[in-house]
Amino acid sequence: MSLRFARPIHPGEYLREEYLVPLAISAGVLAKRLDLPRTRIERLIREEVGVTPDSALRLARVFDTTPQFWLNLQNAYDLHVTGERLGDVIAKIDPLTHPDQAA
């Protein structure tokens, strides 16, 4: 039996729903604080682009989190989306067995 977890959340959705909405700040205000173009933050919260290491460092600083937190959200999302897209292809790959594991 495989375990199914809730869908991974795009970091832009998390940023929007857990930070921007509760703090009542706009993408423009956040962008200015992060010294980034407003369009970069707008595209992130619209889930058009992902979090880069550069963005992760800046978001971690402004929200007192860690860069790894933001990159983990992005990694989980990317793996889920790619796994969904490549599921049939991946399922056809025969695993190799290490010689020490041979029966």
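Trainee: How do you know whether Phe63 is buried or exposed?

Mentor: Phe63 has a relative accessible area of 12%. Buried means under 20%, exposed means over 50%, and partly exposed covers what is in between (1.4 Å probe, protein chains only). Since 12% is under 20%, Phe63 is therefore buried. Note that the model is predicted, so local features need pLDDT of at least 70 and side-chain atom pairs pLDDT 80 or more, while totals for chains, interfaces and linings use all residues. Residues are numbered from 1 along each chain as its sequence is written, and side-chain values use heavy atoms, with hydrogens and water left out.

Trainee: What is the class of Tyr19, buried or exposed?

Mentor: Tyr19 is at 16% relative accessibility, so it counts as buried.

Trainee: What is the pair of Phe63 and Trp70 called, stacked, tilted or edge-to-face, and why?

Mentor: The centres are 6.4 Å apart and the planes at 40°, so this pair is tilted. Trp70 is buried, as is Phe63. Both belong to a cluster that ring pairs build from Tyr14, Tyr19, Phe63, Phe69 and Trp70.

Trainee: What makes a set of residues a nonpolar core, and which residues have the most contacts inside the largest one?

Mentor: A core is a set of buried Ala, Val, Leu, Ile, Met, Phe, Trp, Tyr and Cys residues joined through side-chain atoms within 4.5 Å. The largest has 18 residues, and Leu15, Leu30, Ile41, Leu59, Phe63 and Trp70 have the most contacts inside it. Two or more residues come from each of α1, α2 (27–34), α3 (38–45), α4 and α5 (67–91).

Trainee: How do you know where the buried residues of α3 lie around the helix?

Mentor: The buried residues in α3 are Ile41, Leu44 and Ile45. Viewed down the axis, they fall within an arc of 90° (taken from the directions from the helix axis to the C-beta atoms), so they line one face of α3. Their cover includes α1, α2 and α4.

Trainee: Why is Ile9 placed in its accessibility class?

Mentor: Ile9 has a relative accessible area of 33%, which is between 20% and 50%, so Ile9 is partly exposed. It lies in the segment before α1. Beyond neighbours within four places in sequence, Ile9 is in contact (heavy atoms within 4.5 Å) with Tyr14, Leu73 and Tyr77.

Trainee: What makes Ala24 and Asp64 worth a look?

Mentor: Most residues other than glycine have a negative phi. Ala24 has a positive phi near 55°, and Asp64 has a positive phi of about 55°. Ala24 is in the loop between α1 and α2, and Asp64 in the loop between α4 and α5. At 70% for Ala24 and 71% for Asp64, both values are over 50%, so both residues are exposed.

Methods:
Phe/Tyr/Trp six-rings, centres within 6.5 Å; stacked < 30°, edge-to-face > 60°. Helix = DSSP H or I, 4+ residues; strand = E, 2+ residues; numbered from the N terminus.
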